[in-house]
Amino acid sequence: MTETRARLLQVTARKLLLLLAGMSALIAAAPISAETSFAVSLPGDASTGPVTGRLIVIAATTDIAEPRTAIGMNGPPIFGVDVSALKPGASVLVDQGAIGFPVDMKQLPPGDYNVQAVLIRYTEAKRADGHTIWVPITSRRVIAFMKEGNFYSKPMKVRIDPKATTPINLALTERIAPLPERVETPWIKHVRIKSKILSDFWGVPMTIGASVLLPRGWAEHSDARYPAVYVFGHGDTPFGFSTDPAADSPGARAAAADANVETGYAFAQQWQSDGFPRVVGITLEQPNPYFLESYSINSANNGPVGDALTKELIPYLEKTFRLIAAPHGRILEGASTGGWEALALQLHYPDLFGGAWVFNPDPIDFSRYQLVDIYKDTNMFDYRVNDWRTADRPFRRTRDGQPGISLRDLARMEAVLGSKGRSSYQLDIWQSTHGPVGTDGYPVPLFDPLTGVINREVAEYMRANGYDLTDYTRRNWATLGPKLAGKINLFAGEQDDFFLNLGVYNFQDMVRQTAGADYPIRFEYGRPKKGHNWHHKDWAGIVREIAGHVRATTPPGSPAGWEY
């Protein structure tokens, strides 16, 4: 029995070894389970030192010459990772662990792609509030992934195959060049000054500036002082002013007609005419590490922007361009982001400004933060239809009501473009402007960018600190009411692409409930199907209306030299 058992054990052991050897051979012969990935290198001669920032890989399926220029809500797939102290000569692997939009990397179907990488450079800012953070600082109004000094790779056509065993190699050999300096003309002047207030806050040099549109006869009438119309928005030139006939192309006319305004060239003909009001138009340049604009008022994350504008830039402009240094000579006009800025400045600095023309402003009532009530809703993305179903809230819609990209999708895209609120995009700048600073020095988000869950403490901070403009006005009506009478003009298209008319309705209801139906404030709504760009008059008509307001509110005995 013992010898038989021993022989059986030897046979069994030999069979087991043969079986294991066979399995090893099968495993060796089987294809390796692979994943699409990108190895992005910073060449040794590309930088003088380590680079910290955000690395974006773009995978376009079309022959876009520069995929990086197509990044956006309707753009190609993008994937992002943070990069810390990347040394020249080193590389970073962007694999399926990277967050992606509109799909994750593992969802990329096999095929031919035009791929490119961009490394957004961050600057170390040792702020006055004691926090040291890394952010994309620029002196010009430009989105972070397009700012000067960023590294990028040349576009490369590749075949993406999930069965590939090696990463796709991209090299950051190129740099984005500085924007050209703006050209001055007899009509348009450009200024830029260092802001001591913002530089002290950020711990790095910060500048603010303006483009100034001068009226006819400004140089000849050296004794005249002029009202200023501060034009807030995304453009560089007040009212799109241009003396170039090319600015009156059919495409430009169509775009202008959609907003119910004229082209910049057509406006220039009016501006230069004999009977046009002699006012000065000014657009302010106040870029922010979190967006194109700083939203014009003081903020825990953006810094003392309102102080910089009202104590540094505006006094400098008034002295340099002979502006009326009194409230009736300072008028605010803005649309969209600029609409929120114009109203916020009028409300937070009621003794400084003499009137505001506010068009389709960003959310001015946070119980209508687009379609979300941030005080009652628990989730930004999900709208509860009934006990059994939820639906995605849209971020925008078409003029006939069709939903566009959702808040969920936009938030995910921003999460790809930058962590910690550094996407340089819309939802992040709202949270940066309105919200508190976190223990890490970055904005505390109002909601989780992937789940949409709302942080109620942040919502209450936003309300308590005056960024919900409806609530702020209601709480401070005893002081503000007498100062705002006849000064605010609010306009919205009733089919605003971003649902911003809803906040305007609430602001109107608040004024009527607080001050009565006879309180002198103006509301006009574009209908039917007027959208986000709607204006009640063309640019020339708006300027004439503002000039009439200045005349009517000029104190007796004040010089009126601008009326020549």
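User: Which residues are linked with R140, R141, R182, R192 and D236 in a network of salt bridges?

Analyst: E285 and E293 join them in that network. A salt bridge here is a side-chain nitrogen of Lys or Arg within 4 Å of a carboxyl oxygen of Asp or Glu. Bear in mind that this is a predicted model, where local features need pLDDT of at least 70, side-chain atom pairs count only at pLDDT 80 or more, and totals for chains, interfaces and linings use all residues. Residues are numbered from 1 along each chain as its sequence is written, and side-chain values use heavy atoms, with hydrogens and water left out.

User: How many salt bridges does the structure hold?

Analyst: The general idea first: side chains of opposite charge can pair when their charged atoms come close. The structure holds 33 salt bridges.

User: What does the pair E293 and R141 tie together?

Analyst: These side chains meet at 2.9 Å, N to O. E293 lies in the loop between strand 16 (280–285) and helix 5, and R141 in the loop between strand 8 (132–135) and strand 9 (151–152), so the pair ties together parts that are 152 residues apart in sequence. Helices (H or I, at least four residues) and strands (E, at least two) are DSSP runs, numbered from the N terminus.

User: Are E293 and R141 buried or exposed?

Analyst: Both are buried, meaning under 20% relative accessible area; exposed is over 50%, and partly exposed is in between (1.4 Å probe, protein chains only). Now try R527 and E494, with closest N and O atoms 3.0 Å apart: R527 is exposed at 53%, while E494 is partly exposed at 27%.
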